[in-house]
Amino acid sequence: MKNLKFVLIAVVAAFTLSSCGYNTMVNKQESVNSQWANVENAYQRRADLIPNLVNTVKGYAQHEQETFTQVTEARARATQTTIDPENLTEEAIQQYQQAQGQLGSAIGRLLLIQENYPELKANQNFLALQDELAGTENRISVERNKFNQTAQDFNSYIRQFPRVIYAGWFGFKPKGYFQSAPGSETAPEVQF
């Protein structure tokens, strides 16, 4: 009789949790984690392209050692900055984004070197790597947008009544979003 009560309580509890959205919260959280992995994968692709780009440029621009060092250091910082998917807070994503932004700036300085070396501009390896990098930057943007959409879906779900009452009990916390870089609200000035 005691075991029957326990089984009955367990069945009622399982039904209550599944009907109140616990399983959906788990699925949505896993979707956020999966999309975060896609974001990291896109950034890793960029980090993997950088050594090839640096080596190609080094062959032509041997007097640019400071730029090479800056790119290498920025790449190291960016690849060391990681976030546990369970801790996708606004602050953690901002730190991650800052490290990636520093790497993006260093890559920009590396690409500007081509202006001083006409033979580098014509190098097929350099042009192919530049195209790969541009494609990768587009992939990063797409994956970040998808991440924000997935995080928004999860956050909305766990903040709706009645789930907002018990989502925290089970450890479901809102996820952070990627934000635009500071200063990006102002369009760059183009002069001809």
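Buried here means under 20% relative accessible area, exposed means over 50%, and partly exposed is what sits in between. Keep in mind that this is a predicted model.

Start by selecting Arg-46: at a relative accessible area of 3%, this residue is buried. Glu-137 lies in helix α6 and Arg-46 in helix α2, so the pair ties together parts 91 residues apart in sequence. Glu-137 itself is partly exposed, at 32% relative accessibility.

Next, pick Arg-45 and Glu-132. Their side chains form a salt bridge as well, 2.4 Å from N to O. Arg-45 is in helix α2 and Glu-132 in helix α6, so this link joins parts that are 87 residues apart in sequence. Both count as partly exposed: Arg-45 has 28% relative accessibility, and Glu-132 has 35%.

Then go to Lys-28 and Asp-153, a salt bridge with its closest N and O atoms 2.7 Å apart. Helix α2 (residues 22-60) holds Lys-28 and helix α6 (residues 124-159) holds Asp-153, so the pair ties together parts 125 residues apart in sequence.

Last stop: select Phe-161, Val-164, Ile-165, Trp-169 and Phe-170, which make a nonpolar surface patch of about 590 Å². Zoom in on Val-164, in helix α7 (residues 163-167); at 44% relative accessibility, Val-164 counts as partly exposed.

Note on methods:
Residues numbered from 1 in each chain as written. Predicted model: local features only at pLDDT ≥ 70, side-chain atom pairs only at ≥ 80, totals over all residues. Heavy atoms only, no water. Patch = residues over 30% accessible without salt bridge, like charges linked within 9 Å, V, L, I, M, F, W, Y side chains within 5 Å. Areas by Shrake-Rupley, 256 points an atom, 1.4 Å probe, with all protein chains shown as cover. Salt bridge = Lys/Arg side-chain N within 4 Å of Asp/Glu carboxyl O. Helix = DSSP H or I, 4+ residues; strand = E, 2+ residues; numbered from the N terminus. Buried < 20%, exposed > 50% of the residue type's maximum accessible area, 1.4 Å probe, protein only.
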